[in-house]
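Please look it over before reading on.

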Amino acid sequence: MPVLARLVEASGVPTVTVTMMPDVATQMRTPRVVGVEFPFGHAFGMVGDRDMQFRVARAAVDLIDTAATPGTRVDLDIEWPQDPKQAYKEWQPPMPSPIVQVFLDRLAESRAAAREASEGRRTGD
Amino acid sequence: MAVDSFKFLPRSFRAEYEVVTDPPGNDVWTSPSKPASASTFALLTSAGLHLKDGHEPFDLDGERENPMWGDPSYRVIPRRVTQDDLTASHLHINTRDLELDFNVSLPIEPFRRLESEGAIGRLADEHYSFMGYQHRDLVDWREFHGPQLAAHLEESGVDVLLLAPA
């Protein structure tokens, strides 16, 4: 996403990016960043919570008027109103994504190989 | 408060994101030509939203066949869209909440209010939806879809683009 923000900004259209990962956005030299501590997929807040969504949207609009230098970042002081463990679980897809499944399979293979090696040592094979 | 960028990220992914290995070497910056209250805003999400009728879904089968690849194309969403018109195709987030309220990622309703209150000049007629999981080199975005988007924004008279990664 920082790539698209920078490309559009360079084409002459100012951008503002609302993100759950402002550290990454800033490292990627995203021009204007609004940070939110929300679960992924929810940059503007909770389902049906128009006040929370409006607050985030308003902060992004304000940054267009106030930011004067590249890399300006504003973090919003809004706590996610849900148990963090539950929110962590709920944003994730029902099935691991294909790339995550690849990593999980590799991990399982390397653990199985380590287990076999360890059992081999114990039995003297 | 300082936002913890990794609060909701699985711990095993953290190292991937903590330090960007190849950051850009320069800043880019365009000063707004007018205040927000006189500007036309367009919105962009990477939540994989698309119209149920009239849009091809993002290519999830292609990603299943090649897990290193993600569909780099985008869909144009009209501002008059309703919840019933939209669905989402994305394998990296749970799309349940988007099916209930797309404004959590594409805030058309909050921006209509900003427009009616005069905080922005106008909400554009068209908005943009990508599917955020991409091949690491992002070559399709850099060389084709990004420039195509920039040209579309210019043709549409958009003054500011708001982006929201999913």
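Q: How many residues of chain B are in contact with chain A?
A: Contact means that two C-beta atoms, placed from the backbone, lie within 7 Å. Chain A contributes 64 residues to these contacts. For chain B the number is 61.

Q: Which element gives the most to the side of chain B that touches chain A?
A: Elements are DSSP runs numbered from the N terminus: helices are H or I with at least four residues, strands are E with at least two. Those giving two or more residues to this side of chain B include H2 (60–65), H3 (96–100) and H4 (108–116) of chain B. The element that gives the most, with 7 residues, is H5(B).

Q: How many residues on the side of chain B that touches chain A are nonpolar?
A: Ala, Val, Leu, Ile, Met, Phe, Trp, Tyr, Cys and Pro count as nonpolar; Asp, Glu, Lys and Arg as charged; the others, Gly among them, as polar. This side of chain B has 9 polar and 11 charged residues. The nonpolar number is 41.

Q: What is the mean pLDDT of chain B?
A: This is a predicted model: local features need pLDDT of at least 70, side-chain atom pairs count only at pLDDT 80 or more, and totals for chains, interfaces and linings use all residues. Residues are numbered from 1 along each chain as its sequence is written, while chains are lettered from A and ligands numbered from 1 in the order in which they are written. pLDDT is the predictor's confidence in each residue, from 0 to 100. In chain B, 100% of the residues reach 70 or more, and the mean is 95.

Q: Where does H5(B) bend?
A: H5(B) covers residues 139–155 of chain B. A bend is the angle between axes fitted to the seven residues ending at a residue and the seven starting there. In H5(B) the angle is about 40°, and B:Pro147 follows within four residues of the bend. The bend is at B:His145.

Q: Which helix of chain A do the buried residues of H5(B) pack against?
A: Buried means 20 or more other C-beta atoms within 10 Å of a residue's own, with C-beta atoms placed from the backbone. The buried residues of H5(B) include B:Trp141 and B:Leu153. In chain B they pack against E1 (40–45), E3 (74–78), E6 (126–130) and E7 (160–164). In chain A the helix is H1 (2–10).

Q: Which residue is the bridge partner of A:Val16 in E7(B)?
A: Strands pair if DSSP finds at least two bridges between them. E1 (residues 15–19) of chain A and E7(B) run parallel, joined by 3 bridges. The partner of A:Val16 is B:Leu162.

Q: Why is E6(B) largely enclosed by the rest of the structure?
A: E6(B) pairs with E3(B) in the antiparallel sense over 5 bridges. E1(B) and E6(B) run parallel, joined by 2 bridges. E6(B) is largely enclosed because its buried residues number 4 of the 5.

Q: How many other C-beta atoms lie within 10 Å of B:Tyr128?
A: B:Tyr128 is found in E6 of chain B. Leaving aside neighbours within four places in sequence, its contacts include B:Ala42, B:Val76 and B:Leu149. B:Tyr128 is buried, and the number of other C-beta atoms is 23.

Conventions:
The expected span of a helix is 1.5 Å times one less than its number of residues. A residue is buried if 20 or more other C-beta atoms lie within 10 Å of its own, exposed if 12 or fewer, and partly exposed in between; C-beta atoms are placed from the backbone.
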